[in-house]
Amino acid sequence: QWRAMGYRRAANIVKRMKMPLTASTIDLLQTKAYGIGSKLVTRMKDMIDNGGQSTLLKELKGDPKTASITELGQVWGIGPSTAHSLFQKFDIKSVTDLRAAAHSGRIKLTHGQSIGLKHFDDLKERVPREEVARIRDFVQLRAKEICAGVDVICTGSYRRGKNTCGDIDLLFCAHDFHTERNQVYFMKQLVMELKRCKFLVEDLTETFECSYMGVCKIPQQSNERNICRHIDLKVYSRRSYPFALLYFTGSDYFNRSMRHYANKIGWSLSDRDLVPVIRPEGKKGIKIKIGDGVPAVSEEEIFGALGLQFREPNERNCYGSVDEDDDDDDIDNPIPESPNISSAMHDV
Ligand code: DCP
Ligand code: MG
Ligand code: MN
């Protein structure tokens, strides 16, 4: 996972370079300014020597095990380690094999995985931006009927300006949501209503409180068949909302860098708050809260509290946007100078 991130970051750095990548310029990448590891640079040299094809990739592409694990990993709820054990222990090589094995009872899938499998063909399609907006509007209308003052915002890749999205991420917040009970009550009512109007067709999580995952489609008006989409719904209190907004806007890579930076300067950043902490030396993963959380009413204030320059959502794809649909929309943004996130990123 960490290696994949290093690769993604390197890919984006190369994309932004204002000079052609050749055997001689490639060594620049190993300097501190870019901070790409020597192993990766060696691999890139290999690619140049092979006319753009890496020997390793050629091998991996031809490797049936890699192909199987990649295919199985596309099923919702199946991560790399599950895919690996399905392949290794059960000799399951494809989604077709997985269907057969689940059908015969040879393997037992979780509820979410079986839904992922059932809607595999639909869920692997990316969602066009316009459809994400239509879905948001549909849900917003119902949410406002339940709670007139609710704010509904579409986060994730949509908020970062992507042309197509892997799923629909909706965040809810209203003044009434300060107690957890109110939040849960709102979610239950909303999910119930969305099921009643046949918008939600499947649950991915068996139970839920403030966070719901499911499969949806806009009820069809004509004969056209609407594709099923993965949707995430989350509700937060007004106090946590800016933190949740920042977190669910991502990208995941951007979040990791920001959290990492916060950690380095004595803070702990989550989807709910930003608190000062100390981490006892030698005790990994342990942190002790040493003060109150920073009150923030906007994302800007969270960046400010950390001494970071504010980044618009579309600038948060940085180093992490080698999506299939990547349209190079941010290619003109130069690699920013410190003090900001990018300087922290070199240490990731
Ligand atoms: N997130 C995170 N770490 C994770 C998963 C999610 O920080 N392990 C945050 C950042 C993501 C956001 O939640 O941007 C939404 O998660 P998604 O998986 O929906 O990712 P995106 O919306 O960014 O991309 P996609 O278009 O694939 O949905
Ligand atoms: Mg998403
Ligand atoms: Mn999501």
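1. N182 sits in helix α11, residues 180-196. Leaving aside residues up to four places away in sequence, N182 touches D176 and F177, where contact means heavy atoms within 4.5 Å. N182 counts as partly exposed because its relative accessibility is 31%. Its C-alpha is 9.7 Å from that of C210, at a separation of 28 residues in sequence.

2. Some ground rules before going on. This is a predicted model, in which local features need pLDDT of at least 70 and side-chain atom pairs count only at pLDDT 80 or more, while totals for chains, interfaces and linings use all residues. Residues are numbered from 1 along each chain as its sequence is written, chains are lettered from A and ligands numbered from 1 in the order in which they are written, and side-chain values use heavy atoms, with hydrogens and water left out.

3. Now the overall picture. The protein chain has 15 helices and 10 strands; these are DSSP runs numbered from the N terminus, with helices (H or I) of at least four residues and strands (E) of at least two. Of its 348 residues, 43% are buried. Buried means under 20% relative accessible area, exposed over 50%, and partly exposed in between (1.4 Å probe, protein chains only). Among contacts between residues at least 6 apart in sequence, 57% join residues at least 24 apart. The accessible surface of the chain is about 18,600 Å², and carbon and sulfur atoms hold 52% of that. Accessible areas come from the Shrake-Rupley method with a 1.4 Å probe; for residues, only the protein chains shown count as cover.

4. Which residues come nearest to ligand 1? They are S157, R160, G166, D167 and N255, out of 15 residues around it; a residue is near a molecule if one of its heavy atoms lies within 4 Å of it. On its own, ligand 1 has 550 Å² of accessible area, and the protein covers 68% of it.

5. The elements giving two or more residues are α10 (156-159), α12 (241-249) and α13 (252-264), and α12 has the largest share with 3 residues. By type, the shell holds 3 nonpolar, 7 polar and 5 charged residues. In this scheme Ala, Val, Leu, Ile, Met, Phe, Trp, Tyr, Cys and Pro are nonpolar, Asp, Glu, Lys and Arg charged, and the others, Gly among them, polar.

6. On to the metals. The manganese ion (ligand 3) is coordinated by D167 (OD), D169 (OD) and D232 (OD) at 2.0 to 2.4 Å, with a sequence spacing of D-x1-D-x62-D. The magnesium ion (ligand 2) has D167 (OD) and D169 (OD) as protein donors, 1.9 to 2.1 Å away. Donors are N, O and S atoms within 2.8 Å of the metal (3.2 Å for Na, K and Ca), and water is not among the atoms, so sites may look incomplete. The two ions are 3.5 Å apart, and D167 coordinates both. D167 counts as buried because its relative accessibility is 13%, and D169 counts as buried at 16%.

7. E202, in strand β5 (residues 200-203), is buried with a relative accessible area of 17%. Its side chain makes polar contacts with those of K118 at 3.2 Å and H119 at 2.7 Å. S94 lies in the loop between α5 (80-90) and α6 (95-104) and counts as buried at 16% relative accessibility. A polar atom of the S94 side chain is 3.1 Å from the backbone nitrogen of D97. Beyond residues up to four places away in sequence, S94 touches E71 and L72.

Technical notes
A polar contact is a pair of N or O atoms within 3.5 Å; within protein, one must be able to donate a hydrogen and the other to accept it, and residues adjacent in sequence count only if both atoms are side-chain atoms.
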